[in-house]
Amino acid sequence: MARITKLESFCNEFVGFIRLTAEDGSTGWGQLSTYNADITAQVFHRQIAPWALGRDTDDLEKLVREIPEREHKYPGSYLRRALSGLDTAIWDWRGKQAEKPVAELLGGTAGLLRAYASSMRRDITPEEEAKRFKALKDRYGYDAFKFRVGAECGHDIDEWPGRTEAIVPAIREALGPDVALLVDGNSGFSPKRALEVGQILEANGVEHFEEPCPYWEMEQTREVTNGLSLDVTGGEQDWDLKHWERMMDMGAVNIVQPDILYMGGIALTLEVVKMAAEKGYSVTPHCANLSMVTLFTMHLLRAIPNAGKYLEFSIEGFDYYPWQKDLFVDCPYDIVDGKATVTDRPGWGVEISPEWLALSTCQISEYTA
């Protein structure tokens, strides 16, 4: 254990990293949630760092409870997106001190994880999506793929007329009967329309229907869950533990999908994992880009007893998300035979690129006794 004496953020608009320094000079790296990361950094230095500086690295599990109470007038997403930077930096520090990967600290091991190739695009025709999925299957060995249906918060209006009805059979025909298919509705449908789409999915052997209805309308999602035989999933946007408890108790979904960086970090995500295990749910976390969030999720999935069948792995490269470029000295993401690898390197096992850091905006909060 060691006292936290300095917290630094390195940000641009899209992504922000946190460096924690302890009193003996040892460090750990974490990450704020992506998008509007520069705003999240302001929240971090104003509302997270003052409560964490001077505290011990062993206090993490207390801090993730205490800080939201200290900042009780500011509940919600930005506070949790900022808190995740502190949490994940402490886990990296702990791993480096123990000379173990975070997965091992969590009770698991380094090793392989089955990945599903996750498309982020709706501006793509069914034919082009099927073509690139086939190429990825042949090149990287993926045996599971997720694509988008409907329109994001679309109120039953498709991205363009007929796209949903066309893309589902097109992907199945292109990839064959043995590949696992998942779809994401991104809060696009009413229950009535979601059930209609769900019947199309079931007819084509799709096994996972994510966020079919507005995610804040859990009763609507439960109606879809009760009306279909495939797995209805959700939870990526959610952070409140009481909300998670209600979601599971009411049977709104079949599989829960916390996002580590939306939740506020590993410690709070573990609370959801524990709750899910007690209530009989598996956990397939949301991690929709190739910042550190996918790495965090990899370590988590190698450790928890109720991990889902696969890791979400974004297939969108630098052309689609240019901000992902050159984040790391050595990229930790390599899919071989459809699997990602958690290494046995200490902590998160990754080094942030010095060149990227030099181009970022840095802010510093320091402990003063």
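In what order do the 4 strands of the open sheet stand, and is their pairing parallel or antiparallel? In this predicted model, the order is E3-E2-E1-E13, and the strands pair in antiparallel fashion. Strand E3 (27-31) and strand E13 (361-366) stand at the edges with a single partner strand each, so one side of each has no neighbour in the sheet. From one strand to the next, the twist averages 20 degrees.

Strand E2 (residues 16-22) is joined to E3 by 5 bridges, and the two run antiparallel. Within E3, Gly-30 is the bridge partner of Ile-18. Helix H3 packs on the sheet, where it touches strand E1 (4-11), E2 and E3, and its direction makes about 140 degrees with that of E3. Helix H12 (residues 292-301) also packs on the sheet, touching E2 and E3, with its direction at about 105 degrees to that of E3.

Attention now turns to the nonpolar cores. The largest nonpolar core has 113 residues, of which Leu-7, Leu-86 and Phe-209 touch the most other members. Helix H3 (residues 77-98) gives the most to this core, contributing 8 residues. Beyond its neighbours within four places in sequence, Leu-7 is in contact with residues including Ile-18, Leu-20, Phe-44, Leu-53, Leu-86 and Ile-364. Another core, of 5 residues, lies apart from the largest one; among its members are Ala-144, Ala-180, Leu-182 and Tyr-310.

Definitions and conventions: Residues are numbered from 1 along each chain as its sequence is written. This is a predicted model: local features need pLDDT of at least 70, side-chain atom pairs count only at pLDDT 80 or more; totals for chains, interfaces and linings use all residues. Side-chain values use heavy atoms; hydrogens and water are left out. A nonpolar core is a set of buried Ala, Val, Leu, Ile, Met, Phe, Trp, Tyr and Cys residues joined through side-chain atoms within 4.5 Å. Buried means under 20% relative accessible area, exposed over 50%, partly exposed in between (1.4 Å probe, protein chains only). Contact means heavy atoms within 4.5 Å. Two strands pair if DSSP finds at least two bridges between them. Axes are lines fitted to C-alpha atoms, for helices over the stretch in contact, and angles run from 0 to 180 degrees between N-to-C directions.
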